[in-house]
Amino acid sequence: GVGFRDAVAYVAWYAEISGKPFRLPTELEWEFAARACGRACYPWGDDAGASGPYAWTQENSQGRCHPVNENRPSKVGLYGMIGNVWEWTSSLQRPFVDAVEEGHDDLAIEGPRVIRGGGHLDGVALLSCARREGALEQTARPDLGFRICRSL
């Protein structure tokens with residue numbers, strides 16, 4: 001339930017107190033991580049029916065968010081890349097083919113941002129590592145959150 005600019009502010013605060021370069025992921029980074037560095041449709045493979053141990057979706061969430069680490073992690077150790085809550089990325093909502101274009105992830109530019117991952121209210125058949133939607137920066141709803149990444 002946090003808007004984009006609040007997520008960005010939290011990440012900036014956390015980066016400052018930790019002394020490390022944390023930020024929101026780009027949508028390209030998000031998808032690479034969600035696919036567990038591979039090409040599968042889901043973090044657990046290509047079978048939507050195998051989602052139960054990995055994702056909180058309409059089928060098993062009882063209509064609510066759950067703690068992130070209640071499910072199994074992907075093979076690269078990430079929890080909840082699909083389901084539970086949609087996640088903000090730093091990317092402006094533009095066609096995916098433009099994702100490498102300069103300015104695509106410029107935080108100084110205001111505009112709708114790409115959200116990824118799907119939420120607990122979505123059926124797993126509608127979700128995948130490639131699923132993307134746009135949301136206005138001020139959007140804050142119970143099925144929308146964020147994760148942070150660290151620049152190396």
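This is a predicted model: local features need pLDDT of at least 70, side-chain atom pairs count only at pLDDT 80 or more; totals for chains, interfaces and linings use all residues.
Me: Why is Gly 49 called exposed?
Reply: Exposed means over 50% relative accessible area. Gly 49 has 70% relative accessibility, so it counts as exposed. Gly 49 sits in the loop between helix 2 (27-34) and strand 2 (86-92). Its C-alpha is 8.5 Å from that of Ala 125, although 76 residues separate the two in sequence.

Me: Why does Ala 36 count as buried?
Reply: The cut-off for buried is under 20%. Ala 36 has 5% relative accessibility, so it counts as buried. Ala 36 is placed in the loop between helix 2 and strand 2.

Me: What makes the phi of Ala 36 worth a look?
Reply: Most residues other than glycine have a negative phi. Ala 36 is not a glycine, yet its phi is positive, near 55°.

Me: What is the phi of Gln 62, and is Gln 62 buried or exposed?
Reply: Gln 62 has a positive phi of about 55° without being a glycine. Its relative accessibility is 62%, so Gln 62 counts as exposed. Gln 62 lies in the loop between helix 2 and strand 2.

Me: How do you know that strand 3 and strand 4 pair?
Reply: Pairing needs at least two bridges. Strand 3 (residues 113-116) and strand 4 are joined by 4 bridges and run antiparallel. Arg 113 stands opposite Ala 135 in strand 4.

Me: Why do strand 4 and strand 5 stand at the edges?
Reply: The open sheet has 4 strands in the order 4-3-2-5, with mixed pairing. Strand 4 (132-135) and strand 5 (144-145) each have a single partner strand, so one side of each lacks a neighbour in the sheet.

Technical notes: Residues are numbered from 1 along each chain as its sequence is written. Side-chain values use heavy atoms; hydrogens and water are left out. Helices (H or I, at least four residues) and strands (E, at least two) are DSSP runs, numbered from the N terminus. Buried means under 20% relative accessible area, exposed over 50%, partly exposed in between (1.4 Å probe, protein chains only).
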